[in-house]
Amino acid sequence: MPMFVPGPVDVAAEVAAAQTQPMLPHRSKEFEAIFHRAEGKLRQVFMTQSRVLITASSGTGLHEAAVRNFVPDDGRALFCTNGAFANRWYEVGVANGKPSDKLETEWSHPITAELVADALKKQHYDMVAVVHNETSTGLQNPVKEIAAVVHELSPDTLVCVDAVSSLSGARIEMDAWGIDFLLTSSQKAFALPPGLGFAGTNDRALEKAKTVKNRGWYFDLVLLEKHRAKDSTPATPANSLIYALDVQLDRILAEGLENRYARHSAMAARTQQWAEDHDFELFPIEGYRSQTVSTIKKAESFDISALNKFLLQRGMRIASGYGPFKPTTFRIAHMGELTMADMEALFAAMEEYLKG
Ligand SMILES: *Cc1c(COP(=O)(O)O)cnc(C)c1O
């Protein structure tokens with residue numbers, strides 16, 4: 001039953017089944033071996049030589065980790081906010097008492113490197129937070145260019161990127177692009193069950209964290225790294241999900257990252273074409289459209305719950321718009337395990353509905 005929703009997405013049977021392996025004590029050689037090889041494979045997906053910390057949390061936990069570890073109480077963070085998840089990250093900053101600024105644009109437009117440059121000329125920031133793939137709007141921000149301008153204008157500022165709905169489905173090169181902290185969670189582009197967070201964390205980020213007081217405990221990156229170095233975690237990990245992660249990373253690397261990116265961008269192009277062929281407009285401006293989820297404008301009278309009722313009879317489901325754009329947009333996800341054949345089946349059913 002393919003779900004065209006941006007998370008939690010369908011999980012391959014083999015991956016779901018991996019969770020049923022017998023429990024191992026997490027401080028055993030057997031479990032440490034699984035943890036070690038999973039972390040090594042994550043580095044390949046993150047395209048980093050540093051490390052990927054694994055948390056028993058969803059992605060939002062790592063939003064909290066970033067602000068707690070990188071922003072001193074008398075420091076300041078800049079949140080590039082052109083969507084709902086970026087706004088949430090800003091709210092996490094405020095809720096943790098960290099001086100937080102928003103850099104806003106219209107939600108259909110990207111945060112550009114020029115906008116970030118202007119902000120950095122006015123104020124010093126400990127971290128700049130940007131969402132690579134805004135799942136609420138189907139917009140992809142130019143992270144590579146943003147990271148470059150931050151390093152050029154403010155070399156001690158950390159570049160923190162949320163790639164929750166894109167990493168492994170769209171190209172993000174942590175080391176080559178100069179991303180200091182790259183976070184994602186398990187239930188979107190990785191096509192795992194919900195419950196794991198992954199944070200690519202470089203040495204610069206760890207050194208900065210060591211200077212920041214009151215990092216808390218559960219998401220203290222310095223403590224997480226101390227245990228990761230021994231192939232473990234400070235508290236009990238989500239063992240069953242780690243088993244599933246190990247298997248899913250084998251599948252991802254067997255497909256090959258380049259092939260995986262190509263599969264997603266082909267599905268994105270097909271979805272955009274389908275929308276245009278049916279006189280729908282895409283929400284984000286051209287050049288900044290997501291590879292993993294398409295947000296399409298609609299008339300308020302076009303009822304997505306009625307459409308979904310029809311689709312559910314055929315075992316399929318799409319997503320409504322998000323937040324303020326719920327009445328005027330809908331979303332078709334094309335991430336995780338989905339293939340072009342799944343997309344064609346969806347479009348055939350939607351065509352039937354539109355004719356009906
Ligand atoms: C879903 C999502 C989040 C929140 O992640 P959780 O794993 O649900 O906590 C954050 N950012 C983006 C871009 C998302 O799509």
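## Basis of the description

In this predicted model, local features need pLDDT of at least 70 and side-chain atom pairs count only at pLDDT 80 or more, while totals for chains, interfaces and linings use all residues. Residues are numbered from 1 along each chain as its sequence is written, and side-chain values use heavy atoms, with hydrogens and water left out.

Helices (H or I, at least four residues) and strands (E, at least two) are DSSP runs, numbered from the N terminus. Two strands pair if DSSP finds at least two bridges between them.

## The seven-stranded sheet

Seven strands make up an open sheet with mixed pairing, in the order β2-β10-β9-β8-β5-β3-β4. Its edges are β2 (51-55) and β4 (100-104); each has a single partner strand, so one side of each is left without a neighbour in the sheet. From one strand to the next, the twist averages 20°. Angles such as this run from 0 to 180 degrees between N-to-C directions, and axes are lines fitted to C-alpha atoms, for helices over the stretch in contact.

Within this sheet, β3 (residues 77-81) and β5 (residues 127-131) are paired in the parallel sense over three bridges. L78 stands opposite V128 in β5. Helix α2 (residues 29-46) lies across β2, β9 (181-185) and β10 (197-201), where contact means heavy atoms within 4.5 Å. The helix α2 runs at about 120° to β2.

## The four-stranded sheet

A further open sheet has four strands in the order β1-β12-β13-β11, again with mixed pairing. The edge strands β1 (3-4) and β11 (293-297) each pair on one side only. Strands of a sheet pair through backbone hydrogen bonds, either parallel or antiparallel.

β1 and β12 run parallel and are joined by two bridges, with F4 opposite I318 in β12. The pairing of β12 with β13 is antiparallel and also has two bridges; here S320 has F330 in β13 as its bridge partner. β11 pairs with β13 (residues 329-333) in the antiparallel sense over five bridges, and S294 stands opposite I332 in β13. Helix α12 (residues 304-312) lies across β12 (317-320) and β13, at about 165° to β12.

## Packing of α10 and α11

Helix α10 (residues 239-255) packs against helix α11 (residues 257-277) at an angle of about 85°, and their axes are 5 Å apart. α10 and α11 are therefore roughly perpendicular to each other. Angles under 35 degrees count as roughly parallel, over 145 as roughly antiparallel, 65 to 115 as roughly perpendicular and the rest as oblique.

On the α10 side the contact involves Q248, I252 and E255, which meet L257, N259, R260 and R263 in α11. These residues divide into two nonpolar, two polar and three charged. In this grouping Ala, Val, Leu, Ile, Met, Phe, Trp, Tyr, Cys and Pro count as nonpolar, Asp, Glu, Lys and Arg as charged, and the others, Gly among them, as polar.

## The ligand site

The ligand is surrounded by 15 residues, and the closest are S58, T60, T135, D162 and K188. A residue is near a molecule if one of its heavy atoms lies within 4 Å of it.

An oxygen atom of the ligand is 2.7 Å from a polar backbone atom of G59. For the side chain of Q187, the distance from an N or O atom to an oxygen atom of the ligand is 2.9 Å. For the side chain of K188, the corresponding distance is 2.7 Å.

Most residues other than glycine have a negative phi, and most peptide bonds are trans. The peptide bond from G7 to P8 is cis, with omega near -10°. P8 lies in the loop between β1 and α1 (13-18).

A191, a residue other than glycine, has a positive phi near 55°. A191 is located in the loop between β9 and β10.

Conventions
Polar contact = N/O pair within 3.5 Å; in protein donor to acceptor, adjacent residues only side chain to side chain.
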